Amino acid sequence: MKDRTPARPPVLERRRLKRGAREAKAAREQARDRREALRDIANRHLLVNPANLGPNNSYGVPEFVQRGYYVDIPFHCKSCGIAQVWTERQQKWWYESAKGDVWAVAVMCRPCRRRERARRAEARETHLSGLSAKGKVQ
Ligand SMILES: [Zn+2]
């Protein structure tokens with residue numbers, strides 16, 4: 001008498017298929033978790049757009065570029081010493097709009113930066129007027 005039930009695949013084959021399905025499901029869940037984590041980061045932080053960064057001749061990759069998003073950076077002004085935060089928005093502006101050096105970080109508070117800029121402009125002015133007084137520049 002002949003067996004009419006379709007032949008089941010051998011047990012090892014069945015196990016292999018089951019394992020494949022299990023692994024595919026785990027991979028899908030992992031990918032979904034990764035997407036959710038990325039969305040979560042994008043909701044809480046400004047993302048780095050490497051295409052907008054200014055040109056630099058470095059082989060290294062700055063930490064914020066590697067990370068892919070900005071985080072607020074607390075620091076103390078090197079001039080007056082008060083505690084400051086270099087915000088994500090300020091960083092994005094500096095690196096991506098002003099095309100500032102990707103290795104540069106904020107070291108002075110805004111009033112001190114303004115004062116320093118004015119001091120340098122005045123020093124340059126004094127220097128150039130001194131040169132022209134000596135007749136070295138017309
Ligand atoms: Zn300061």
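Q: Does E116 count as buried, partly exposed or exposed, and why?
A: This is a predicted model, where local features need pLDDT of at least 70, side-chain atom pairs count only at pLDDT 80 or more, and totals for chains, interfaces and linings use all residues. Residues are numbered from 1 along each chain as its sequence is written. Buried takes 20 or more other C-beta atoms (placed from the backbone) within 10 Å of a residue's own, exposed takes 12 or fewer, and partly exposed is in between. E116 has 12 C-beta neighbours inside 10 Å, so E116 counts as exposed.

Q: What is the count of buried residues in α4, the helix that holds E116?
A: Helices here are DSSP runs of H or I, at least four residues, and strands are runs of E, at least two, numbered from the N terminus. E116 sits in α4, residues 110–133. That helix is hardly covered, and among its 24 residues the buried count is 0.

Q: How far apart are the end C-alpha atoms of α4?
A: The expected span is 1.5 Å times one less than the number of residues. For the 24 residues of α4 that gives 34 Å, which agrees with the model's end-to-end distance of 34 Å.
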